[in-house]
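Thanks for coming. I will go through one structure today, starting with its pockets and ending at a metal site. Please have a look at it first.

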Amino acid sequence: QAKIEGRNTYRFFTSELTTRLERRICLEQGLRNAIKNASLRLVYQPIVSSADGRIVAVEALLRWTDRELGDISPVEFVPIAEEASLIGAIGQWVLLKACESVAQWRQTLSPNLAVSVNLSPRQVNDALVTYVQQCLDVTGLDGSALELEITEGALLAGSKDVLTTLTRLTEMGVSIAIDDFGTGYSSLSYLKRFPVKSLKVDRSFVFELPDDRDSAELTRAIIVMARSLGLGVTAEGVETVAQADFLRSLQCARLQGYLFGKPLSEDDMTRALIEAEGTPVD
Ligand code: C2E
Ligand code: MG
Ligand code: MG
Ligand code: MG
């Protein structure tokens with residue numbers, strides 16, 4: 001009896017592993033064609049000013065709907081794109097598309113709107129500087145309207161050129177934000193070394209506000225530190241009024257989360273901006 005069970009367990013694990021490998025291979029294959037197929041799209045999530053609730057920026061977030069595999073989360077496919085060396089091409093598509101959309105919104109609806117774009121570590125190289133400059137030239141977007149989000153890990157794992165790359169981007173007016181701040185394990189000295197403009201407080205802290213003492217104190221400490229270093233702060237994953245009130249009381253400058261808006265398609269974002277800003281200008 002035990003032997004039979006053992007064999008079944010073994011078979012179960014093997015088939016699960018096979019399924020996982022198969023899915024991975026499918027996803028990688030699907031991703032190779034995703035740009036050509038037009039199965040990638042961007043959605044945009046509002047980032048609001050905590051002082052007056054106005055939409056000051058949008059974060060561009062990648063979505064992928066494959067004809068056979070359906071909707072796949074970026075949490076699953078971005079790492080695969082990174083490992084399969086597809087993130088360079090996909091990342092370029094994201095940058096151009098995001099710059100185009102926000103340039104349009106600035107012209108018609110919201111002249112000071114900024115856009116935040118997530119970067120993978122592999123994208124942070126010389127070619128990025130050239131490509132960002134091209135995107136700004138082609139779309140006529142001001143560099144100051146573009147913010148690039150990078151995680152602590154990506155900053156530190158990157159090559160020695162990371163500093164040069166980020167410095168050159170900063171010289172173009174582009175700003176650098178640290179994404180998922182507080183989840184890295186590194187020392188904070190990199191904040192001095194790199195030209196960082198702002199921090200995004202990870203939503204694992206925000207989630208437990210305001211009642212969890214540790215999260216509340218850590219969030220307070222991050223916001224106070226950011227202020228004394230002259231850095232901006234955005235809180236991610238704000239879902240409740242109580243969280244927003246707490247963050248406002250700490251003077252966290254920008255808030256992002258389902259409470260203020262879920263990621264929206266380009267058209268829905270346009271409608272949201274019309275509602276927020278009044279009639280479009282021509
Ligand atoms: P992220 O950059 O930290 O993005 C924030 C994530 O939190 C998004 O998930 C967003 O939809 C989600 N979110 C926002 N507000 C709330 C909220 O109130 N509650 C909860 N529970 N979640 C909220 P999403 O879109 O699934 O993206 C996941 C991650 O995938 C991103 O995390 C980012 O690391 C990566 N990613 C997305 N788009 C891109 C991209 O274009 N390039 C790269 N390299 N990575 C991307
Ligand atoms: Mg982000
Ligand atoms: Mg992230
Ligand atoms: Mg984040």
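In the second largest pocket, β8 gives the largest share of the lining, 3 residues. Strands here are DSSP runs of E, at least two residues, and helices are runs of H or I, at least four residues, numbered from the N terminus. Before going on: this is a predicted model, where local features need pLDDT of at least 70 and side-chain atom pairs pLDDT 80 or more, while totals for chains, interfaces and linings use all residues. Residues are numbered from 1 along each chain as written, chains are lettered from A and ligands numbered from 1 in the order written, and side-chain values use heavy atoms, without hydrogens and water.

Back to that pocket. It is lined by 19 residues, and S144, E147, S175, K197 and S198 lie nearest its centre. Besides β8 (232–235), β5 and β6 each give two or more residues to the lining. A pocket is an open set of points on a 1 Å grid over the protein atoms alone, where a 1.4 Å probe fits, with protein on both sides within 12 Å along at least five of seven lines; lining residues have an atom within 4 Å of a point.

Now the largest pocket. Its volume, the space filled by probe spheres set on the points, is about 1100 Å³. It has 38 lining residues, with E59, L61, P74, V75 and N118 nearest its centre. Helix α2 is one of the elements that give two or more residues to this lining.

Which residues of α2 are buried? In this helix, residues 74–83, they are F77, I80 and A81. Seen down the axis, they fall within an arc of 100 degrees, so they line one face of the helix; the arc is taken from the directions from the axis to the C-beta atoms. V75 and E83, on the other side, are exposed. Buried means under 20% relative accessible area, exposed over 50%, partly exposed in between, with a 1.4 Å probe and protein chains only.

Last, the metal. Donors are N, O and S atoms within 2.8 Å of the metal (3.2 Å for Na, K and Ca); water is not among the atoms, so sites may look incomplete. D179 also coordinates the magnesium ion (ligand 3), and the two ions are 4.2 Å apart. E149 lies in β5 and D179 in β6, so the pair ties together parts that are 30 residues apart in sequence. E149 is buried, at 1% relative accessible area, and D179 is buried at 8%.
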